[in-house]
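Please read this briefing with the structure open beside it. The points are grouped by topic.

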Amino acid sequence: MFFGGLFMAYIVYRSMYPEAWEKSSQELNVYMGAANTAVLICSSLTMVLAVRAAQVGSRMGQVVNLILTILFGSTFLVVKYFEYAAKFEHHLVPGPHFGPVPALPYGSQIFFALYFIMTGIHALHMVAGIILMLIILGMAWKGRFTPEYYGPVEISGLYWHFVDIVWIFLFPLLYLLGFKLGAL
Amino acid sequence: MSTAHIIVPIRTYVAVFVGLLICTLLTVVVAAYDFGILNTAIALTVACFKATLVIWFFMGVRYNTPLTKVAVISGFVWLLILFGLGMSDYVSRPWLGVLGR
């Protein structure tokens, strides 16, 4: 539970700077975050269908669903790229150039530091997952998996779902925290 | 892992998928209203429910051995120990006037 430590840091700093947390969270794009949540849920569905295709011995089912999983995963990363780009534009990246207008309360840099570390490491896990899926796709294409032997698809699937679960918690904790009536 | 050999019908997976999407929509809508401290509680409850759906159905824990279930639950127990002991430390520091807060 490598992410556990980061969530611990999130709890500690949020309890220290509740106001900075709320104000900073409002700078995040809830719609992009929600869209990405939906994209990851779609990828988890196609992943589980790929495992099922392996169980019933459908090669095409595996290939199609794995490609869809990779596409959904890539979509997630593209959206994330646009989000990061917006953060740089609005001077929300912690460091000497941190200076959003209007100014945010003390402690906001810590929020954004945690935002970039948590979502960044999550994105790295996504990249690793996509590479893994490409390898599995290659093996599935060659017809390496049968109803008797589909362990690699299943284990890779478990990893993929785990990355999805981390995002399920990151989304409300980072994006929804400062989302209030009037914003919808 | 591959011990179960139960082929789950596609509609089960699709139902879980729809459930996850509805929960996501729900959590966004609820977050738009101000319930004070309850906002975080609701958001985390929905997130836990979603994570449970993914673990139980997509990860196939439902169709697996009791040992797997114990292993999964123990992982989260360890996480709670981390949060519990970690926060008891940070919360109690100012009471004692200990440096480091």
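Between the two chains, 42 residues of chain A are in contact with 39 residues of chain B, where contact means heavy atoms within 4.5 Å. This is a predicted model, in which local features need pLDDT of at least 70 and side-chain atom pairs count only at pLDDT 80 or more, while totals for chains, interfaces and linings use all residues. Residues are numbered from 1 along each chain as its sequence is written, chains are lettered from A and ligands numbered from 1 in the order in which they are written, and side-chain values use heavy atoms, with hydrogens and water left out.

**Interface**
- About 3700 Å² is buried between chain A and chain B, and carbon and sulfur atoms give 82% of that area; buried area is the accessible area (1.4 Å probe) that two parts lose on being put together, summed over both.
- On the chain A side, A:Met8, A:Ile41 and A:Arg52 lose the most area to chain B, together 15% of what that side buries.

**Nonpolar core**
- The largest nonpolar core has 83 residues, of which A:Tyr115 and B:Phe58 touch the most other members. Such a core is a set of buried Ala, Val, Leu, Ile, Met, Phe, Trp, Tyr and Cys residues joined through side-chain atoms within 4.5 Å.
- Helix α6(A) gives the most to this core, 14 residues; helices are DSSP runs (H or I, at least four residues), numbered from the N terminus.

**A:Lys80**
- A:Lys80 lies in helix α4 of chain A.
- A:Lys80 counts as buried because its relative accessibility is 2%; buried means under 20% relative accessible area, exposed over 50%, and partly exposed in between (1.4 Å probe, protein chains only).
- Beyond its neighbours within four places in sequence, A:Lys80 is in contact with A:Asn36, A:Tyr115, A:Thr119, A:Trp167 and A:Tyr175.
- From A:Lys80 to A:Val153 the separation is 73 residues in sequence and 26 Å in space, C-alpha to C-alpha.

**A:His91**
- A:His91 is in the loop between α4 (59-89) and α5 (108-141) of chain A.
- The phi of A:His91 is near 55 degrees, a positive value in a residue other than glycine. Most residues other than glycine have a negative phi.
- A:His91 counts as partly exposed because its relative accessibility is 39%.

How values were computed. Helix = DSSP H or I, 4+ residues; strand = E, 2+ residues; numbered from the N terminus.
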